[in-house]
Amino acid sequence: MEAIPHPIPRTVEEVFSDFKGRRSGLIKALTTDVEKFYQQCDPDKENLCLYGLPNETWEVNLPVEEVPPELPEPALGINFARDGMQEKDWLSLVAVHSDSWLLAVAFYFGARFGFGKNERKRLFQMINELPTIFEVVSGNCKQPKDQSATHNNSGKSKSSGKMQSRQPEPQTKAVKVSAPPKEDYESGEEEEEDDEQGATCGACGESYGTDEFWICCDICEKWFHGKCVKITPAKAEHIKQYKCPSCSGKRARV
């Protein structure tokens with residue numbers, strides 16, 4: 001979201017310093033400043049993002065309007081899932097997306113300034129020495145490397161099981177995230193006719209495919225490829241009412 005008033009990092013050390021500053025800001029939002037962060041993520045507001053800044057601060061704001069953005073954007077619409085799950089689980093979900101965003105920003109700088117194989121490897125090793133935001137927020141900090149593999153694996157499976165258990169909770173949602181309603185479900189023998197039913201994506205105009213994720217706008221009831229409107233199955237689980245870009249009038253912000 002920031003207009004990057006900070007110096008643009010150009011070396012491995014500068015990119016790592018930028019990474020640490022943004023990481024510290026995000027950790028503050030999800031731990032010491034969590035009450036303030038929770039209040040700012042009002043589900044009744046538009047799609048909001050959590051930004052970590054290089055000066056170890058954070059902000060919740062709308063995504064940037066320019067397309068493509070100057071930097072990779074964090075997860076969109078974190079506020080929509082806030083009231084659909086337990087606070088601890090919601091914070092963990094935001095933490096996972098924040099970890100992904102931090103890596104994207106760091107390696108964006110690496111690509112922009114032509115980091116070679118050795119520089120990318122060194123950057124990743126420096127980043128990998130730090131606990132992830134998810135590990136800090138959930139309390140599952142990395143075990144020392146001399147710990148047994150068995151102990152490590154059990155910790156990982158517990159953490160991943162926790163994340164997976166969260167997904168089914170909002171299934172009572174009215175958001176339509178299945179294939180377009182093409183009456184082929186009324187008769188099993190018509191399943192082979194999916195591609196012939198003529199459903200098309202409201203964004204790209206391509207026909208429906210059984211191996212693709214689709215979502216339906218609750219306003220105009222048009223169907224869209226998830227990839228065309230930047231909605232994943234995981235995000236769709238937490239959307240109370242999906243509005244397509246045309247109906248939301250926010251396409252330029254995505």
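## Contact of H1 with H4

In this predicted model, helix H1 meets helix H4 through Val12, Glu13, Val15, Phe16 and Phe19, which face Glu119, Arg122, Leu123, Met126 and Ile127 of H4. By class, seven of the residues in this contact are nonpolar and three are charged, with no polar ones.

H1 spans residues 12-30 and H4 spans residues 117-128; the two pack with their axes 10 Å apart, at an angle of about 30°. Angles under 35 degrees count as roughly parallel, so H1 is roughly parallel to H4. Their crossing is right-handed.

An α-helix has 3.6 residues a turn, so residues three or four places apart point the same way. Among the H1 residues in the contact are Val12, Val15, Phe16 and Phe19; on the H4 side, Glu119, Arg122, Leu123 and Met126 are included.

## Contact of H3 with H4

The axes of H3 and H4 cross at roughly 150° and come within 11 Å. Angles over 145 degrees count as roughly antiparallel, and H3 and H4 are therefore roughly antiparallel to each other. This crossing, too, is right-handed.

H3 contributes Leu103, Ala106 and Phe107 to the contact, and H4 contributes Arg120, Leu123, Phe124 and Ile127. Six of these residues are nonpolar, one is charged and none is polar.

## Helix H3 and its end

H3 covers residues 87-112, 26 residues in total. From its first C-alpha to its last it reaches 37 Å, close to the 38 Å expected at 1.5 Å a residue. After H3 comes Gly114, with a positive phi near 65°.

Conventions:
Residues numbered from 1 in each chain as written. Predicted model: local features only at pLDDT ≥ 70, side-chain atom pairs only at ≥ 80, totals over all residues. Heavy atoms only, no water. Helix = DSSP H or I, 4+ residues; strand = E, 2+ residues; numbered from the N terminus. Expected span 1.5 Å × (residues − 1). Axes fitted to C-alpha atoms, helices over the stretch in contact; angles between N-to-C directions. Parallel < 35°, antiparallel > 145°, perpendicular 65-115°, else oblique. Left-handed = near helix turned anticlockwise from the far one by under 90°. Contact = heavy atoms within 4.5 Å. Nonpolar A, V, L, I, M, F, W, Y, C, P; charged D, E, K, R; others polar.
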